[in-house]
Amino acid sequence: MAVLLTAQDLTTNFYTYEGVVRALDKFTLSIDHGCTFGLVGESGCGKSVTVRSMLRVIQSPGVIEGGRVLFSEQAGTDPIDLLELSEEEMEGIRGDSISMIFQEPNAALNPVLTIGYQVAESFLFHRTAQMSTRICEKIDGGVSFGLLTPLYRAMLSIAAKSPKSRFLKACSRIPLLRRWDTPVKDEAMRRAVDIIGKLGIANPEEIVTRYPHNLSGGMKQRIVIAIALACHPTLLIADEATSNLDVTVQAQILQLLNDLKKESISSILLITHDLGVVAETCEKVGVMYAGTLCETGKVEEVFSRPLHPYTQALLTSVPKFHQEGELQSIEGSVPNLVYPPSGCRFHPRCPKAMEQCSIEKPELKELRKGHFVACHYAEAQVGGLV
Amino acid sequence: METSTTMDAVQAHEHPRLRELKFTLVRIFRNPSAVIGVVLLSFFIGVAIAAPYIAPPKYAHAPYKMPHKGFSPTPKPPSERFIMGTTSGQYDILYGVVWGTRTAFKIGLLVVGFAGLVGVTLGVVAGYYGGWFDEILMRFVDIVWSIPLLVLAMTIVVAFGRGLENIIIALALVEWRWYVRVIRSEVLKLRHQEFVQAAKLMGVSDRKIILRHILPNSIYPVLIMGSMDMGSMVITASFLSFVGLGAPRGYADWGQMVALARNYIVGPANNPLQFWYTIFFPGICIILFVLGWNLLGDALRDAFDPKLRRR
Amino acid sequence: MRKKILELKGLEKHYPVYGGVFKRKVNSVKALDGIDLDIYRGECLGVVGESGCGKTTTGKAVINLHAPTGGTALYYPENGEPVDIAGMSNRQMKKAGIRSRLQMVFQDPTTSLNPRMLIKHIVAEPIKEQEKLSARELEAKVVSILEMVGLSRMHLMRYPHEFSGGQRQRIAVARAIAASPEFIVLDEPTSALDVSVQAQILNLLDSLRKDLNLTYLFVTHHLLVVKYISTRIAVMYLGKCIETCPTDELFMNPLHPYTHALLSGIPNPEVTGNSSRIVLEGDVPSPLNPPDGCRFHTRCPFCIDICRREEPALIDVGGGHSVACHRQDSVAALVEERYGISGYC
């Protein structure tokens with residue numbers, strides 16, 4: 001399968017009063033086209049920092065120190081390095097080819113704007129040119145937009161070429177002329193209604209006129225998903241998107257994501273701490289610990305035959321349906337990343353730690369087919385690719 | 001903590017409160033404005049303490065009464081005898097500025113102390129218990145909010161005569177309303193915090209909950225406000241002195257001295273800055289004093305900001 | 001026969017909603033709308049349900065942290081007459097010597113520990129309320145309690161922020177058991193913690209219950225956690241208890257359609273391949289105006305006429321299993337027919 005997104009040696013530090021927090025340390029990850037990838041780890045292990053670094057939305061005092069994020073939207077094309085794009089180009093990618101859903105829908109939605117406006121905004125930001133062309137074609141085909149049709153035709157042909165031009169911005173301040181984008185706005189609203197309807201929400205025409213506080217938690221999360229899906233992203237990043245929801249609503253959202261993936265999105269990167277969610281929805285999984293990726297591979301493979309001691313411990317520490325005996329827990333707690341342990345970051349808590357572990361940082365190596373592990377012990381046990 | 005054993009070794013012999021204090025101080029003094037503020041205030045504190053040595057009082061029983069040599073309304077420039085010159089009425093400017101520092105601290109501490117004590121007590125009780133007491137108190141505070149300071153000050157001065165203590169009373173009577181509101185809102189936030197509920201479950205009495213759990217967690221905004229107020233109270237008192245409601249004539253008070261220099265702010269047409277010393281010395285003292293407290297207050301705010309305090 | 005420790009009868013907690021110019025009471029949020037529940041000595045009763053179903057309110061009401069607005073909560077002391085604590089004030093309870101017997105551990109240990117108190121003082125506070133000890137005796141007792149929860153003397157002189165989340169929760173547990181309670185409400189004690197730490201706390205709680213002969217009310221939304229730690233489970237929906245049952249029985253043979261939906265919705269960390277689940281339509285109705293009849297009828301896939309009209313009572317079907325559903329006899333068959341699910345164990 002073709003690779004969609006690769007992070008190579010991504011390193012992100014936070015410069016805080018306590019010292020430099022080494023949140024991501026040479027983090028490497030790749031996501032294929034058409035794959036649902038689950039990224040699991042405990043809180044503070046750098047899951048969110050990872051995606052924020054990849055999309056370059058790290059907030060101060062965080063700084064991306066190095067590495068590359070290669071993104072190839074179409075399979076087979078040359079990848080582009082997202083870290084080298086200008087901020088303007090990045091804006092064109094965020095919310096368009098890569099979009100994101102956050103944990104807290106209340107924080108993602110603006111309480112004073114209608115649902116419809118917030119969904120339509122995504123179209124207006126990324127799709128003005130496309131929509132303008134479409135409308136111009138319609139006008140040329142004889143569809144009338146009332147008295148102002150000639151004005152629309154003239155202005156929209158400009159917008160079709162350069163939707164963010166200064167001229168159009170200036171026109172937006174002049175009475176009458178500023179109404180040039182009415183057909184575009186109407187079109188965006190129509191698309192918003194469309195996409196909300198597709199997410200299984202009853203009477204979308206009514207929903208678009210409402211405000212976020214009128215909706216329930218599950219409904220709001222659907223709207224957030226609608227915004228994220230508006231421009232048919234090739235990669236949808238869901239950052240703990242279901243963690244705050246109830247079991248029954250979580251079931252609805254997970255099913256929705258599953259259905260959507262079949263139809264419209266190419267890949268999903270699901271970030272969660274819930275191993276159950278990963279097991280049920282993802283094809284591949286990456287396990288993170290303290291800013292590094294310990295193990296990655298197919299979900300069935302990693303969950304049934306984990307190689308990294310951390311993954312093994314994590315899997316035995318969650319309660320299951322068929323729980324036998326006591327839950328095993330990992331001794332100690334997550335390290336303070338101002339003073340990360342030397343070598344393998346898991347070695348102070350690792351039951352299998354060897355001398356080498358505290359000295360040398362293990363590389364991510366393919367120990368079984370498609371199953372990468374960064375662990376000296378596992379390497380010694382399995383002995384290279386079988 | 002397992003992870004920071006190196007830090008533990010360093011900190012083991014220190015008492016945790018000391019460590020905490022150190023942490024706060026480091027936070028405060030990382031801020032350059034705090035350093036300036038503290039330097040300014042230490043200077044004023046030094047002057048206030050050393051006042052009898054810098055400017056020995058002429059009348060031991062009334063050191064705040066400025067000595068004056070003659071009654072001439074025209075100020076005299078700095079000379080060997082009067083280092084900062086004399087102001088209108090031949091009052092020694094140096095003496096006034098030095099003893100005025102003590103007056104400034106007296107005004108600030110008394111007003112803020114009284115207002116803080118009353119405000120915090122009432123605010124905590126109102127916020128913690130709520131109910132009718134809260135309702136009545138807050139409506140009363142609303143009424144106090146409607147009293148203009150100047151009118152109150154004039155009324156008190158008319159009733160009890162001119163004097164510094166009357167100004168302090170007037171200021172304190174209107175200033176406590178700020179503290180009530182600030183601390184009440186803090187307490188309302190804390191009242192439903194889980195550690196307060198846990199204490200209630202253990203059967204801890206309300207008094208102990210307030211003293212142990214509520215006050216230590218809600219007092220910081222009051223400290224910050226108190227620091228800012230120290231400055232603003234002095235400036236308000238100076239203003240009242242300036243308009244003639246404050247200290248009696250001849251009292252060592254910066255506002256009083258500016259008031260004395262009122263007619264000499266601008267000198268004769270050919271030399272407008274002829275009497276600069278009459279307004280400059282008391283004026284700069286007021287400015288630096290207020291600035292010092294404000295910078296300190298600002299630094300305290302940064303240091304106590306819970307969002308910045310911990311990772 | 002097992003001994004009861006608490007007996008709730010029609011316990012209610014309504015939060016009034018004020019409106020209009022004169023702030024008159026216009027409605028009330030029925031967070032807890034009359035639940036009947038017996039809690040037995042030595043058990044760990046899990047209370048599960050979605051957010052807003054009143055499980056936390058139940059926890060706070062049974063120990064009288066938030067005074068219930070109706071119903072009774074009878075507390076049966078070890079030896080002595082049962083007391084109705086529903087109408088008592090904190091002071092009355094303290095006088096009767098039962099305040100410290102009923103304790104609570106909160107969800108988030110960062111907010112449940114006073115940030116400006118040393119661990120020593122946090123744990124000593126409940127002890128001081130009960131007995132007068134010399135400073136040395138007090139410290140010895142604090143240390144012994146800290147050791148019970150897996151901390152040590154070297155942690156005495158620290159502030160809560162110097163600990164990790166799991167350790168903070170241990171301190172919160174230590175504070176609760178320092179009051180020498182008989183009954184502890186655990187309000188989502190592991191939700192704010194990491195997966196790997198969660199197991200430590202669960203095991204700690206379980207062993208403390210056995211060693212100190214405690215009774216727990218474990219409130220959570222995480223069904224697998226409750227399965228691990230609880231001996232009995234009560235399922236709540238919209239302020240009502242709809243099913244209570246021993247843990248294994250519930251997972252083997254759930255009777256209420258809502259319980260079926262909850263159980264099938266649990267994301268299973270074992271890769272099994274089959275993941276058919278009952279996806280309920282819509283959202284939980286507002287507790288301001290709960291629906292008539294059975295409260296679950298608006299979302300129930302097997303709703304019939306009687307469900308819309310009559311509210312089902314919680315009836316005992318034997319083996320300590322009670323359920324409130326008109327169609328409890330046929331639900332299992334319906335679920336299997338429509339979703340192909342039979343049992344969750």
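Does Lys26(A) count as buried or exposed, and at what relative accessibility?

View 1. Lys26(A) counts as exposed, at 52% relative accessibility. Exposed means over 50% relative accessible area, buried means under 20%, and partly exposed lies in between (1.4 Å probe, protein chains only). This is a predicted model: local features need pLDDT of at least 70, side-chain atom pairs count only at pLDDT 80 or more, and totals for chains, interfaces and linings use all residues. Residues are numbered from 1 along each chain as its sequence is written, chains are lettered from A and ligands numbered from 1 in the order in which they are written, and side-chain values use heavy atoms, with hydrogens and water left out. Lys26(A) sits in strand S2 (residues 19-32) of chain A. Helices (H or I, at least four residues) and strands (E, at least two) are DSSP runs, numbered from the N terminus. The phi angle of Lys26(A) is near 50°, which is positive in a residue other than glycine. Most residues other than glycine have a negative phi.

**View 2. His232(A) in a loop.** Here is another positive phi in a residue other than glycine: His232(A) has a value near 50°. Look for His232(A) in the loop between helix H9 (217-229) and strand S7 (235-239) of chain A.

**View 3. The salt bridge of Arg56(A) and Glu87(A).** These two side chains meet in a salt bridge, 3.6 Å from N to O. A salt bridge is a side-chain nitrogen of Lys or Arg within 4 Å of a carboxyl oxygen of Asp or Glu. The pair links distant parts of the chain, 31 residues apart. Arg56(A) is in the loop between helix H1 (47-54) and strand S4 (62-71) of chain A, while Glu87(A) is in helix H2 (residues 87-93) of chain A. Arg56(A) is buried because its relative accessible area is 19%. Glu87(A) is partly exposed, at 40%.

**View 4. The salt bridge of Asp140(A) and Arg153(A).** The closest N and O atoms of this salt bridge are 2.7 Å apart. Asp140(A) lies in helix H4 (residues 115-140) of chain A and Arg153(A) in helix H5 (residues 149-161) of chain A, so the pair ties together parts 13 residues apart in sequence. Asp140(A) is exposed, with a relative accessible area of 51%. Arg153(A) is partly exposed, at 28%.

**View 5. A salt bridge within one helix.** Glu187(A) forms a salt bridge with Arg191(A), and the closest N and O atoms are 3.4 Å apart. Both residues lie in helix H7 (residues 182-198) of chain A. They are 4 residues apart, about one turn of the helix. Glu187(A) counts as buried, at 11% relative accessibility. Arg191(A) is buried too, with a relative accessible area of 16%.

**View 6. A network in chain B.** Salt bridges that share partners join Glu135(B), Arg139(B), Asp142(B) and Arg181(B) into one network. Over all chains, the count comes to 40 salt bridges.

**View 7. Asp194(C) beside chain A.** Which residues does Asp194(C) contact, leaving aside its neighbours within four places in sequence? They are Glu42(A), Ser43(A) and Val334(A). Contact means heavy atoms within 4.5 Å. Asp194(C) is found in the loop between strand S7 (183-187) and helix H7 (195-212) of chain C. Asp194(C) counts as buried, at 15% relative accessibility.

**View 8. Chain A as a setting.** Chain A has 14 helices and 12 strands. Its C-alpha atoms fill a box of roughly 80 × 45 × 40 Å along the principal axes. Of the 386 residues of chain A, 53% count as buried.

**View 9. Chain C as a setting.** Chain C has 12 helices and 12 strands. The C-alpha trace of chain C spans about 70 × 55 × 50 Å along its principal axes. Of its 345 residues, 58% are buried. Among contacts in chain C with a separation of 6 or more, 65% are between residues 24 or more positions apart.
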